[in-house]
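Here is a short report on one protein structure.

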Amino acid sequence: MSIVVRLLGQDEWALANNFFNDVYKTSRSLDDFKWEFIEGPFGPAIYVVAIDDATPGSVKVVGIQCAIPLAIVDSSGKRELTAKSEDTLVDPAYRGQKIFEKMYDLLFAASRKAGIKYIWGFTPAKKAFEKIGFEIPFHAHQAIIVFNPLRAYNYLANLNKANKRIEKIKIAALSFLSMVSSFRSRALPSQLSLRRVNFEDNTKAHQTMIQDTNYRFLSMTPSYLSWRLEKNPFQNQYENYHCYLGEELVADSIINFRPSRLGYIEQIIFKITLSSSLRQQVVAMIVNTMKDRVDFIRILCFDTNAELALQEDIFRKCGFVVLKRGAHFVWKSLDDDAVNPKDLFLSRLFTQGNQ
């Protein structure tokens, strides 16, 4: 058995995708593979593959790993290229041969060559990533607000087929508690106006709202918004809303409606000086915009910096139940001029929107 680790060839996309489907017992289409890894706004993913070349004339994939280029931008407009780690998978029959480590060695080298300064992602596999030099600076939280507890329970209980009776009881209690809490967000008066807008280049607006801070957010260029929102193949229906105090833009929000009557607040960026009480009004208006079209709303949230911690607190005050359960955020700097990952303005937009 001889393992070769190299970059995936253009004519091998189906091989990598078929390997993913075979191991995970899924049915990801080749079109979905191309959208996620080939058609991204900042160039195709750097995709590494491990091949068992013991059989001449055949290509047997035994491991895959890739990095999707995505840019981050700060309040001054400085843009830096990063990459999201995805498709990390080694054939169970080939584990213990350091294939994971060898694939990342090549991925790091190829990423540096491409001008990528940081690699990051979300994973439950904390120890494996720490062994190859990733930091684990924090993990994600989940927030939920429920309007129909029975439908919310059915959805959440079926996310994990291994849930036992005690877990299902906890989910039922959470669904009911969140429905009771949701009434807090329905009665808030507002001196603000909410306007639906077309997807556009929001980078300048975001820079204005978080000016003079160290925060960095995804560079939401027209090509990024088209790729991530309009061309997303995972049955997402995205809408963008601006919130105004008079004629001053004070918040930008992207929300999402799924066919299962599940809603997501994908991201909210507030003007950094906006008061806590006005932020609550913004969230209440967004919730009221969504509640007749969904049975419950979920948010991926964090408490890793002052702004994100304040947002999480606002969600609680608006009736969301916050669960400090979520995937680990992993971070690898490939550059001497290191960005602090805790300065990232994280949201669900940092995922691919496929769950």
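Valine 282 lies in helix α9, residues 276–290. Helices here are DSSP runs of H or I with at least four residues, strands are runs of E with at least two, and both are numbered from the N terminus. This is a predicted model, in which local features need pLDDT of at least 70, side-chain atom pairs count only at pLDDT 80 or more, and totals for chains, interfaces and linings use all residues. Residues are numbered from 1 along each chain as its sequence is written, and side-chain values use heavy atoms, with hydrogens and water left out.

**Valine 282**

Valine 282 counts as buried because its relative accessibility is 1%. Buried means under 20% relative accessible area, exposed means over 50%, and partly exposed is in between (1.4 Å probe, protein chains only). Which residues does valine 282 contact, leaving aside neighbours within four places in sequence? They are Leu192, Cys243, Ala251, Phe270 and Leu274. A contact here means heavy atoms within 4.5 Å. Alanine 251 is 31 residues from valine 282 along the chain, and their C-alpha atoms are separated by 7.5 Å.

**Salt bridges**

A salt bridge is a side-chain nitrogen of Lys or Arg within 4 Å of a carboxyl oxygen of Asp or Glu. By this rule the count is 18.

| Glutamate 247 | Arginine 195 | 3.3 Å |

Take glutamate 247 and arginine 195, joined by a salt bridge. Glutamate 247 lies in the loop between β10 (237–245) and β11 (248–257), and arginine 195 in strand β8 (residues 193–197), so the pair ties together parts that are 52 residues apart in sequence. Glutamate 247 is exposed, at 65% relative accessibility. Arginine 195 is partly exposed, at 32%.

Arginine 196 is exposed, with a relative accessible area of 53%. Glutamate 239 is buried, at 2%.

Aspartate 295 is in the loop between α9 and β13, arginine 261 is in the loop between β11 and β12, and the two are 34 residues apart. Aspartate 295 is buried, with a relative accessible area of 5%. Arginine 261 is partly exposed, at 28%.

There is also a network of salt bridges, which links Lys78, Glu80, Lys117 and Arg216.

**A buried aspartate**

Aspartate 343 is placed in the segment after β15 (328–333). Aspartate 343 is buried and has no salt bridge; the nearest side chain of opposite charge is arginine 216, 4.5 Å away. For charge, Lys and Arg count as positive and Asp and Glu as negative, while His and the chain ends are not counted. Beyond residues up to four places away in sequence, aspartate 343 touches Asn214, Tyr215, Arg216 and Asn305.

**Positive phi**

Most residues other than glycine have a negative phi. Arginine 261 is not a glycine, yet has a positive phi of about 65°. Lysine 98 also has a positive phi, near 60°. Lysine 98 lies in the loop between β4 and α3 (99–113), and is exposed at 55% relative accessibility.

**Helix α2**

In helix α2 (residues 30–37), the buried residues are Asp32, Phe33, Trp35, Glu36 and Phe37. Seen down the axis of α2, they fall within an arc of 165°, so they line one face of the helix. The arc is taken over directions from the helix axis to the C-beta atoms. Their cover includes α1 (13–24), β2 (46–52), β3 (60–74), β4 (79–90) and α8 (222–230).

**Overall fold**

The protein has 10 helices and 15 strands. Of its 355 residues, 54% count as buried. Among contacts between residues at least 6 apart in sequence, 72% join residues at least 24 apart.
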